[in-house]
Amino acid sequence: MLSNSSYTLTCSGAGGSANDTVAVSVNSAPGVPTLSLAANPSTIVAGNSTTITWTSANTTACTASGAWSGSKGVSGSQNTGVLLSNSSYTLVCTGAGGSASQTASVAVTPAPAPTVTLTASPTSIASGSASTLSWSSTNASSCTASGDWSGSKATSGTQSTGTLTASKTYTLSCTGTGGTANQSATVTVAPAPTVTLTASPTSIASGNASTLSWSSTNTSSCTATGDWSGSKGTSGSQSTGALTTSKTYTLSCTGTGGTISRSVTVTVTTGSTSPFPLHVEAGKRYLITAQGNPFLIQGDTPWLLMTQLNKADVDLYLNDRQQKGVNTILVELIEHYYSDNAPKTGMAMAPFW
């Protein structure tokens, strides 16, 4: 039967006839349910989310299963929340005409590993100075400091170490969906430099010279100022040359730990500074100078100076010993065995004439 119809029945007998009619209504067939279900986007990186959207027709109820559950409206949308692995969402919607089922799959790709870079500038400082820490990261949502600093840090930034008197190491750990990355930076506090500068002697007669001697530690370069100039080695010695006036010599030496300076003055006297002649003090325990001061003997024993060396070699030797502070020498005036020209001197002078 495809349309509404009426049916009549007539019945007859001796007493006459009777009839009745019945109408039959034909309703249209119920519609078949339809359903559309999709994830947008359908591929995400681990730690992110997507949205599930659905619509249906000829349905009265929907039920979720798989990666979600519970009753759902016949149409709607829903966020999946954070996903770490592949997930499938199934929805079944029913109506008078039956049911419809759809599944939406979400592909989750692994999250990239985080990276972190941490540097200190400068990496080596003098005691009492500071360095600057700089850092940046990728694929990270939070960072935490440890070692010689602490607390939560932004995923990128800069920070001063503050004044340091000892070496420090700073570590930064940055975390994201893909894991954790660590980086450390060390700031070295370099030892302070030292320098010594002396003159020998510190007091001379006009026209004479003194010898400057210096040494340093924890330095890489030295510079002379005052009455000398130029770059100098980190240790060494140098003659002042003949002086007629007093001079002051300054040496500044620099290293990672800073700069230090020292000065020395060579005094040129106008009066006689010769200690000679020497005298024996009253108690006969030591010698005294012409000025009445104790005379410290700094001696050498060039025994064959008179008998073997020529004048040029004698002058060279005596000048060298004078610069080294030697003030007394002990020699043989005549030699009969070790001399090449006995009994004459090295300058061919005969004795006793």
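Pro-122 sits in the loop between strand 11 (115-121) and strand 12 (124-126). A cis peptide bond links Ser-121 to Pro-122, with omega about -5°. The model is predicted.

**Cis peptide bonds**

- Most peptide bonds are trans.
- The bond from Ser-121 to Pro-122 is cis.
- The bond from Asn-40 to Pro-41 is also cis, with omega near 0°.
- Pro-41 belongs to the loop between strand 3 and strand 4 (43-45).

- Most residues other than glycine have a negative phi.
- Asn-58 is not a glycine, yet its phi is positive, at about 60°.
- Asn-58 lies in the loop between strand 5 and strand 6 (61-66).
- The relative accessible area of Asn-58 is 45%. Exposed means over 50% and buried means under 20%, so Asn-58 counts as partly exposed.
- Lys-284 is not a glycine either, and its phi is positive, near 60°.
- The loop between strand 27 (279-280) and strand 28 (287-288) holds Lys-284.
- Lys-284 has a relative accessible area of 71%. That is over 50%, so Lys-284 counts as exposed.

**The open sheet 3-5-8**

- An open sheet is built from 3 strands in the order 3-5-8, with antiparallel pairing.
- Strand 3 (34-40) and strand 8 (76-79) are the edge strands. Each has a single partner strand, so one side of each lacks a neighbour in the sheet.
- From one strand to the next, the twist averages 15°.
- Strand 3 and strand 5 (residues 51-57) run antiparallel and are joined by 7 bridges.
- Within strand 5, Ile-52 stands opposite Ala-39.

**Nonpolar surface patch**

- Four residues make up a nonpolar patch on the surface: Met-306, Leu-333, Ile-334 and Phe-352.
- Together they have about 470 Å² of accessible area.
- Met-306 is part of helix 1 (residues 305-308).
- With a relative accessible area of 34%, Met-306 is partly exposed. Patch residues need over 30% relative accessible area, so Met-306 passes that cut-off.

How values were computed: Residues numbered from 1 in each chain as written. Predicted model: local features only at pLDDT ≥ 70, side-chain atom pairs only at ≥ 80, totals over all residues. Heavy atoms only, no water. Pairing = 2+ DSSP bridges. Helix = DSSP H or I, 4+ residues; strand = E, 2+ residues; numbered from the N terminus. Axes fitted to C-alpha atoms, helices over the stretch in contact; angles between N-to-C directions. Patch = residues over 30% accessible without salt bridge, like charges linked within 9 Å, V, L, I, M, F, W, Y side chains within 5 Å. Areas by Shrake-Rupley, 256 points an atom, 1.4 Å probe, with all protein chains shown as cover. Salt bridge = Lys/Arg side-chain N within 4 Å of Asp/Glu carboxyl O. Buried < 20%, exposed > 50% of the residue type's maximum accessible area, 1.4 Å probe, protein only.
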